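Here is a briefing for a reader new to this structure. Start with the view below, then follow the points by topic.

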Amino acid sequence: MPPKLSELVTLLKGHRVFIQTHNFPDPDAIASAFGLQVLLGKFNIPTTICHHGNVERTATANMVSEFGISMTTDKDLKDMKPDDYIITVDSQKGNANILDLVGDEIACIDHHPVFNENVSCKYKDIRIVGSCATIIADYYRLYNIEMPQDVATALLYGLKMDTKDFNRGVTELDVEIYKYLFPKANNQQIRRFQSGVIQYDELEAFVDSMKNIDIYNGVAFAFLNFSCADAFVATVSDFILNLDVVNFCVVYSRKENGFKFSVRSELDELNAGQIVLAALKGIGSGGGHKSMAGGFAVESKVLDISIDFNRVIQNLFLNVIDDIRNEKEESAKEEATAK
């Protein structure tokens, strides 16, 4: 059973509260923060949504603008104090994709697996579901709290985007929440947001990225050798996984001081979150779900190994994947012998 909402409300009363998303927030993170902000407001708990990095894509920026969501970047948080309370949504303290702010990360609401057991907080609601928006919407549903249409629309959009229109990581709770949100949301508005998956100014870069794919036994690698938003890296990763000869893909782009990774898998035995965590151990960090994950590698640590960083990165992932496949083969042989 999830923790009671009353526990969170009691914890936050009397404190200055911030809701922090992961860096460069996507629709699910923004929708979750917005939905939680409105929810807590019903209990007379004012909050500030904050994040590091830009809101990168036009469709996502339109969502923020149309719903009037107020988001503050870390650069504008001039007066946050160590005793201010932070609720992290769609991420967890200690992960590479969330900036450590000066406030106290008192609560965590997330749908990603826990990769750092040493990080603790006073309130934790981590459920392995398709989106963080699912968890926030479930609070409204469980406690029969009135939900404004813009909140329902934002949450449903976040749910659809993070599950790739219910084609990735979907659980029974996601389906229940979809049924709950659908009649409350402006679905025409959602369709308009979703129409901007690839922006016009990204089209040439998208075509070029399709020409530079290396595939090894179903595992695809693509290096995006140009400046691009994190969301675009994820879009390319999703697209490559649709190729008939690909069942696991790693897409990465160069960022300041490192490489940003987006990893996708459609095989149960190749857990994307565990593989990116193992592959980048010692040179960066990563994590996520079994079907989708992300990570970051420090440039100096990759380049120290070899000048040919593409080959280094490919080997880091292929070594982990080969070990998994070899272990599976050995297990199959042992089972066959036992019979």
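Buried means under 20% relative accessible area, exposed means over 50%, and partly exposed lies in between (1.4 Å probe, protein chains only). At 52% relative accessibility, Asn 257 therefore counts as exposed. This is a predicted model, in which local features need pLDDT of at least 70 and side-chain atom pairs count only at pLDDT 80 or more, while totals for chains, interfaces and linings use all residues. Residues are numbered from 1 along each chain as its sequence is written, and side-chain values use heavy atoms, leaving out hydrogens and water.

**Overall build**

- The chain has 12 helices and 12 strands. These are DSSP runs numbered from the N terminus: helices are H or I with at least four residues, and strands are E with at least two.
- The radius of gyration is 20 Å, close to the 20 Å that the globule rule gives for 339 residues, so the chain is as compact as a globular protein of that length. The radius is taken over C-alpha atoms, and the rule is 2.2 Å times the number of residues to the power 0.38.
- The C-alpha trace spans about 60 × 55 × 40 Å along its principal axes.
- Of the 339 residues, 50% count as buried.
- Among contacts with a separation of 6 or more, 64% join residues 24 or more positions apart. Contact means heavy atoms within 4.5 Å.

**Surface and charge**

- The chain exposes about 16,200 Å², and carbon and sulfur atoms supply 49% of that area. The areas come from the Shrake-Rupley method with a 1.4 Å probe; for residues, only the protein chains shown count as cover.
- There are 33 positive and 47 negative side chains, and the centres of the two sets lie 4 Å apart. Lys and Arg count as positive, Asp and Glu as negative; His and the chain ends are not counted. Each charge is placed at NZ of Lys, CZ of Arg, CG of Asp or CD of Glu.

**Aromatic rings**

- A search of the whole structure finds 14 aromatic pairs. Rings of Phe, Tyr and Trp (its six-membered ring) pair if their centres lie within 6.5 Å; planes under 30 degrees apart are stacked, over 60 edge-to-face, and the rest tilted.
- The ring centres of Phe 221 and Phe 317 are 6.4 Å apart and their planes are at 65°, so this pair is edge-to-face.
- Phe 221 lies in strand S8 (residues 219-224) and Phe 317 in helix H12 (residues 309-338), so the pair ties together parts 96 residues apart in sequence.
- Both Phe 221 and Phe 317 are buried.
- One aromatic cluster includes Phe 221, Phe 317, Tyr 216 and Tyr 252.

**Positive phi angles**

- Most residues other than glycine have a negative phi.
- Phe 24 is not a glycine, yet has a positive phi of about 50°. Phe 24 sits in the loop between strand S1 (17-20) and helix H2 (27-41). Its relative accessibility of 29% makes Phe 24 partly exposed.
- Asn 257, also not a glycine, has a positive phi of about 70°. Asn 257 is in the loop between strand S9 (248-255) and strand S10 (258-265).

**Two further loop residues**

- Asp 165 is in the loop between helix H5 (149-162) and helix H6 (172-181). Asp 165 is partly exposed at 38% relative accessible area. Not counting residues up to four places away in sequence, Asp 165 touches Lys 160 and Gln 194.
- Ser 120 is in the loop between strand S5 (104-110) and strand S6 (123-126). Ser 120 is exposed, with a relative accessible area of 58%.
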